[in-house]
Amino acid sequence: ILVDIDTSDQQKACEYLYASINAVAPSVRTVPIYDILKANCDKEIFFKTDRNWTSLGAYYAYRQFCKIKMGIPVDLSKFKKEIYENFVGSFFKQSNEAESMGLGEILEVYVPQGNINVNITDFNGEKSSGSLICDVTDYDEDMKFCAFLGGDYPYIEVNNKDIKDGSSCLLIKDSYGSVLAPYLSLHYENMYIIDYRYYDGDLNFLLGNVELTDIIVENHIESTSDAETVSGIKQLFE
């Protein structure tokens, strides 16, 4: 079925954003992922009931990141695959046609293998250990996205004990980054993860107390048209 959607061309919007970034900050490397996602659009790269990409969709973005970063991506066959049933996302809860959407879809996750520690700082500032991928078998249908990092927290630290090269990155992200982070953890000894929607700490203080080799900013295209989101990111950097 061909549907005429009254919207602008997303690829042109991405190209405009990348060109604007390169004009303002030539040293910043952008990671175009439109083409690789389009080339794999016959696969389950996005959820039906949620705006987020799937674990497979994030994997293709990760491969493109490695290409730009000049790194070697870990083959998907090296990950442990886990499957959870009856997942429903935000579209299901927001829609007034929820019943016609059907209840539940398959949530597939790819679990990185290695000696990786995760430490979470929650919304109350309490610290606890966590996992890159959590078992959500017994979670409610609309909470199964917490399989990735245990959910969206303000601040998370990840230490890959299999890497000893001093590499480290700061990942500034939204919920898309929760799906991407497990893949990135295989390339950095230390990762510091900020969810810009919830983090209220001092970014300058954090940058002054950790040694970084990379800063990665991940953001999904829809948020670029949301004034509140743009304001939040700007406030974080200011």
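**Figure 1. Partly exposed L207 in helix α7.** A residue counts as buried when its relative accessible area is under 20%, as exposed when it is over 50%, and as partly exposed in between. In this predicted model, L207 has a relative accessibility of 32% and is therefore classed as partly exposed. The residue lies in helix α7, which covers residues 203-209. On the surface, L207 belongs to a nonpolar patch whose other members are I215, V217 and F237. Together, these four residues present about 350 Å² of accessible area.

Figure 2. Along the principal axes, the C-alpha atoms fill a box of roughly 50 × 45 × 35 Å. Of the 238 residues, 42% count as buried. Among contacts with a separation of 6 or more, 64% are between residues 24 or more positions apart. The chain exposes about 13,900 Å², and carbon and sulfur atoms supply 50% of this area.

**Figure 3. The salt bridge between D195 and K173.** Side chains of opposite charge can pair when their charged atoms come close. Here the side chains of D195 and K173 meet with an N to O distance of 3.3 Å. The pair links distant parts of the chain, since D195 is in strand β7 (residues 190-195) and K173 is in strand β6 (residues 168-173), 22 residues apart. Both residues, D195 and K173, are buried. They also take part in a network of salt bridges that links D152, K173, D195 and R197.

**Figure 4. The salt bridge between K43 and D42.** The side chains of these two residues meet at 3.7 Å, N to O. With a relative accessibility of 35%, K43 counts as partly exposed. D42 has a relative accessible area of 63% and is therefore exposed.

**Figure 5. The salt bridge between E82 and K80.** The closest N and O atoms of E82 and K80 are 3.7 Å apart. K80 is partly exposed, because its relative accessible area is 46%. In the chain, the count of salt bridges comes to ten, including the one between E82 and K80.

Notes. Residues numbered from 1 in each chain as written. Predicted model: local features only at pLDDT ≥ 70, side-chain atom pairs only at ≥ 80, totals over all residues. Heavy atoms only, no water. Patch = residues over 30% accessible without salt bridge, like charges linked within 9 Å, V, L, I, M, F, W, Y side chains within 5 Å. Areas by Shrake-Rupley, 256 points an atom, 1.4 Å probe, with all protein chains shown as cover. Helix = DSSP H or I, 4+ residues; strand = E, 2+ residues; numbered from the N terminus. Buried < 20%, exposed > 50% of the residue type's maximum accessible area, 1.4 Å probe, protein only. Contact = heavy atoms within 4.5 Å.
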